[in-house]
Amino acid sequence: MIRKNYQIKKEAELFAGKVEDTLEAIITGRGWKAEEELEDSLWGRTGTQLEKAESVFWQKEEDSFREKEIVKGLIADISHQTRTPVANMKLYTELLEDEVVSQNGKIFISKIKEQMEKIDFLMQSMLKMSRLETGIIQIQKKDRNLYETIHHAVADLVPEAASKSIDLYVKSDENIVIGHDSKWTEEAIHNILDNAIKYTEPGGKISIQTEKQELFFKVSISDTGKGIAAERQAEIFTRFYREPEVHEKPGAGIGLYLARKIMEIQKGYIEVQSEAGQGATFNLYFPVGKV
């Protein structure tokens, strides 16, 4: 009896090992073929089903690749088709500014320029979102100085913060080297800072701090803005979400969605801590370890 149980255990272990190896071969794309001579055995029947599953799996991968290529072409076409007319409209409004027009005319020209800038911003945001979602743009994680990435994101927004008399503080070690994509991480930090400046009243404060933890490296961005109600904190990271109270402010509701997507692709994550009327803190977590 003991011998029989031992034999069953060995056969089960062998069967499990074969299934594991086969699944790995399917996922990684290594060559694999069901053992036809064992068709009537348990493994033979299982292998046949796995072979069918492999065929379906790779067919879906191929369909997905084709769809991404189609989307890639559409994105390129949309980008090309919109860039030229927007550029032309900007040129015409600049020419109009040199003409003798009434005071109302100058106001109308200014409004047209604002609307064109919104269209341009929206199209660029849509392109970034689509490229990330379809995998057209690949995140390139390398060991880089994170402080420099943060500094570039902050420097770009200093004029905007200064125009509202908002103080920007950065408290961080200047020699932080962790695996991250500097360009896209800068985009994520920029988007969060841009929101913070937008929704913080003049004379407010925004601070950025870094902290090394056991498994993650944390970047915290805190503001003294209007805060976010608890029931809305999950929604702010969805596409095109805008809080009801801020519809009059410029924006497309894509910035925080992009920030979350960028962090997820880098195997990190983002969270928010806030109360209505008490400001907000966005924490970005980058995994610590080899790239």
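A: Apart from its neighbours within four places in sequence, I221 is in contact with I189, I192, L193, I206, S207, I208, A280, T281, F282 and L284. The model in which these contacts are found is a predicted one.

I221 belongs to the largest nonpolar core, which has 38 residues. Together with I192, L193, I270, F282 and L284, I221 is among the members that touch the most other members of this core. At least two residues of the core come from each of α4, α5, β4 (205-212), β5 (216-223), α6, β6 and β7 (280-287). The largest share is that of α5, which supplies seven residues.

The helix α5 (residues 182-198) also packs against α4. In general, two packed helices are described by the angle between their axes and the distance between the axes. Here the axes of α4 and α5 come within 9 Å and cross at roughly 35°, and the crossing is right-handed. On the side of α4, the residues that meet α5 are L146, T149, I150, H152, A153, V154, D156, L157, E160 and A161. Their partners in α5 are S182, T185, E186, I189, H190, L193, D194 and I197. By class, this contact has nine nonpolar, five polar and four charged residues. Two of the α5 residues in this contact, I189 and L193, are also contacts of I221.

In the whole structure, a search finds four aromatic pairs. One of them joins F237 and F282 in an edge-to-face arrangement, with 6.2 Å from centre to centre and 85° between the planes. This pair links distant parts of the chain, for F237 lies in the loop between β5 and α6 and F282 in strand β7, 45 residues apart.

Another pair is formed by Y269 and Y285. Their ring centres are 4.5 Å apart and their planes stand at 10°, so the pair is stacked. Y269 is in strand β6 and Y285 in strand β7, 16 residues apart, and this pair too links distant parts of the chain. Y285 is buried, at 7% relative accessibility, whereas Y269 is partly exposed, with a relative accessible area of 37%.

S165, in the loop between α4 (146-163) and β2 (167-171), has a positive phi of about 55° although it is not a glycine. K267, in the loop between α6 (255-265) and β6 (269-274), likewise is not a glycine and has a positive phi of about 65°. The relative accessible area of K267 is 65%, which makes this residue exposed.

The chain as a whole gives the setting for this part. It has six helices and seven strands, which run from the N terminus in the order α-α-α-β-α-β-β-α-β-β-α-β-β. Of its 291 residues, 33% are buried. Among contacts with a separation of 6 or more, 68% are between residues 24 or more positions apart.

Notes:
Residues are numbered from 1 along each chain as its sequence is written. This is a predicted model: local features need pLDDT of at least 70, side-chain atom pairs count only at pLDDT 80 or more; totals for chains, interfaces and linings use all residues. Side-chain values use heavy atoms; hydrogens and water are left out. Helices (H or I, at least four residues) and strands (E, at least two) are DSSP runs, numbered from the N terminus. Buried means under 20% relative accessible area, exposed over 50%, partly exposed in between (1.4 Å probe, protein chains only). Axes are lines fitted to C-alpha atoms, for helices over the stretch in contact, and angles run from 0 to 180 degrees between N-to-C directions. A crossing is left-handed if the near helix is turned anticlockwise from the far one by less than a right angle, and right-handed if clockwise. Contact means heavy atoms within 4.5 Å. Ala, Val, Leu, Ile, Met, Phe, Trp, Tyr, Cys and Pro count as nonpolar, Asp, Glu, Lys and Arg as charged, and the others, Gly among them, as polar. A nonpolar core is a set of buried Ala, Val, Leu, Ile, Met, Phe, Trp, Tyr and Cys residues joined through side-chain atoms within 4.5 Å. Rings of Phe, Tyr and Trp (its six-membered ring) pair if their centres lie within 6.5 Å; planes under 30 degrees apart count as stacked, over 60 as edge-to-face and the rest as tilted.
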